[in-house]
Amino acid sequence: MFVFEPLFTIFVLLFGGYVAKRLGVLKQKQSKMFLDFALLFALPCLIFENTYKLKFDTELLGVIAIGLCSNVLTTCIIIILGKILRFSKITLVSMALLTCFGNTLFVGIPIISALYPDPQYMGEVICYDALATMLPILLFGSFVINLAYPNKPSLIQNIKAIVIFPPFIALILGLVCSLIKLPSFIFGPITLFGHSATPVALFAIGLSLGFSAIKNSYKSVTLVIIGKMLLAPLIFIGITHILHISSSPSMMIAIFETAMPTMTLAGVMVMKAKLDSNLAVSAIAFGLLFSAVSIPFWVWMLY
């Protein structure tokens, strides 16, 4: 039941956005407005509040590092399989982005909150997303994309983009302000803004969903979904067994985070770069659908 409820909520929000598009109430291009609000206003508030309350330890940083390594290893395996199947360079580059980065925040938060209600673990989800997903894709995403093209991006430009990115600023402010005691009243509006991040983002994702492109990219979509949602957590578990790391809530949260479907921002980057748009749209849409099966499976296996 504790898994059904967050999954039900996620799919109702996604379905609401999708139905709004199908009925013509809203247009697909309006999803950008909702996502901009979620990423640039609501999400920074959510990050600031939970980072401020987060208690850092070496175990948390360790499991985040393992999660990042698991995603990178999975991506390498999927790219090798893609080369064996003779996918184009554009498709391979698209697969790399879509496999390596998951929706660890907007899908991860409802799931982890149901499994681990303690607010400390909400902070760990946000920290995982920041260090294993958001910062790596902002720093290296354009480099990966440009593997399909001759132009090479500037590292300075990528770093500048990260420094002025509101969620990153909120992360740093939360860490700095955690060193002092802030008056409780300032968290009233911050909390309200933060609570809107997940529902608005999921509605926007539903508004942008499409399912018709799967017929042109079903092989690559299958590889991305299997890699991202099944192989990556298996590799994570394998690494922990090799290193003889005992189970803990932080480790379990990181495993669940590696099993999340493809990150929406990764799909947006693929489409903006005019790579394999069919793959991007389908990986996001069918990854979310597959999560209705894969997430309960991992909860049954691990929780």
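Let me start with threonine 99, whose side chain reaches the backbone oxygen of methionine 95 at 2.7 Å, a polar contact in the sense of a pair of N or O atoms within 3.5 Å, where within protein one must be able to donate a hydrogen and the other to accept it, and where residues adjacent in sequence count only if both atoms are side-chain atoms. This is a predicted model, in which local features need pLDDT of at least 70 and side-chain atom pairs count only at pLDDT 80 or more, while totals for chains, interfaces and linings use all residues. Residues are numbered from 1 along each chain as its sequence is written, and side-chain values use heavy atoms, with hydrogens and water left out.

Threonine 99 sits in helix H4, residues 89-100; helices here are DSSP runs of H or I with at least four residues, strands are runs of E with at least two, and both are numbered from the N terminus. With a relative accessible area of 0%, threonine 99 is buried (buried is under 20%, exposed over 50%, partly exposed in between, with a 1.4 Å probe and protein chains only). Leaving aside neighbours within four places in sequence, threonine 99 is in contact with Thr74, Thr75, Ile78, Val224, Gly227 and Lys228, contact meaning heavy atoms within 4.5 Å.

Asparagine 71 belongs to helix H3, residues 58-84, and is buried at 3% relative accessibility.

Now to the charged pairs. Side chains of opposite charge can pair when their charged atoms come close. How many salt bridges does the structure hold? There are 2, a salt bridge being a side-chain nitrogen of Lys or Arg within 4 Å of a carboxyl oxygen of Asp or Glu. One joins lysine 32 and aspartate 36 at 2.8 Å, N to O, and because these residues are 4 apart in helix H2, residues 31-53, about one helical turn separates them. Lysine 32 is partly exposed at 49%, and aspartate 36 is partly exposed at 28%.

Lysine 53 and glutamate 49 form a salt bridge at 3.1 Å, N to O, and both lie in helix H2, 4 residues apart, about one turn of the helix. Here lysine 53 is partly exposed, with a relative accessible area of 48%, whereas glutamate 49 is buried at 10%.
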